[in-house]
Amino acid sequence: MSRSLSSAMESAVEADLVRPIVLVTCAFDSGDLNLWNGVGTLTVSSVDYVGAGTLLNIGEIAESSELQANGITVTLSGITDPLLAKARDEDYQGRELTVRLGAMDAANAVITSPVTVFSGFMDTMLINDSSETATIQVNVENRLIEFERTRIRRYTAEDQKIDYPTDKGLEFVAEMAEKEIVWGRSTVSTRGGGGSAPGGGPGEDFDRGNIQLD
């Protein structure tokens, strides 16, 4: 998959000395968890990333010419209680995880516009908890997995209100399923006593085509 790089990133990649950085963003309901593979706090585009150093490991990011969903594994070691509680107690499945690749210049300043090399959704999480620290391993599904999921929608009022809460267009669909509608009948029946229908006796059916209006 082709990606556009800023001119500064292109120069950094082509330089004799390359200083790459990896930025990881995990979306949780209580707030994003931002990590990078260095030491200390790093600010990129007004977002603070907590340094995880060598404790942050990104599995192989595989790509192919075919349209297929290749996931990755993200492992974080040496986890302490606050981060462990976030991973253990908060909902994570289906939350977004993004991996970006950036670079630093000779003055260790971050070059703008890091490129997104992977974007997907957290699927399963394995926590190995010891007496002092823990290791968290997250399996992340590629965004392309969305193409493999079956979309089930129905022509019902409840389903319609998922997207349009005030729409009543499908409110009577259930009643219409068993409704008998007479359409295009060629004869009508007169009712009542006394009178005679044109072309026949009292109360008999007559053909509309025989009626003439003066």
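This is a predicted model: local features need pLDDT of at least 70, side-chain atom pairs count only at pLDDT 80 or more; totals for chains, interfaces and linings use all residues.
Let's start with strand β1, which covers residues 20-26. Is this strand mostly enclosed or mostly open? Of its 7 residues, 5 are buried, so β1 is largely enclosed by the rest of the structure. Buried here stands for a relative accessible area under 20%.

## The partners of β1

Which strands pair with β1? One partner is strand β7, made of residues 96-103, and the two are antiparallel with 7 bridges between them. To find this pairing in the model, look for Val24, which sits opposite Val99 of β7.

Strand β2, residues 33-36, is also joined to β1, again in the antiparallel sense, by 4 bridges. Here you can look for Thr25, whose bridge partner in β2 is Asn34. Together β1 and β2 form a hairpin with 6 residues between the strands, and in this hairpin Gly31 has a positive phi near 140 degrees.

## Two serines in a loop

Now move along to the loop that links β3 (41-44) and β4 (47-51), where you will find Ser45. Ser46 belongs to the loop between β3 and β4 as well.

Ser45, however, is not a glycine and has a positive phi of about 50 degrees. Ser46, also a residue other than glycine, has a positive phi near 70 degrees.

Are these serines buried or exposed? Ser45 is exposed, with a relative accessible area of 66%, and Ser46 is exposed too, at 74%.

Conventions
Residues are numbered from 1 along each chain as its sequence is written. Side-chain values use heavy atoms; hydrogens and water are left out. Buried means under 20% relative accessible area, exposed over 50%, partly exposed in between (1.4 Å probe, protein chains only). Two strands pair if DSSP finds at least two bridges between them.
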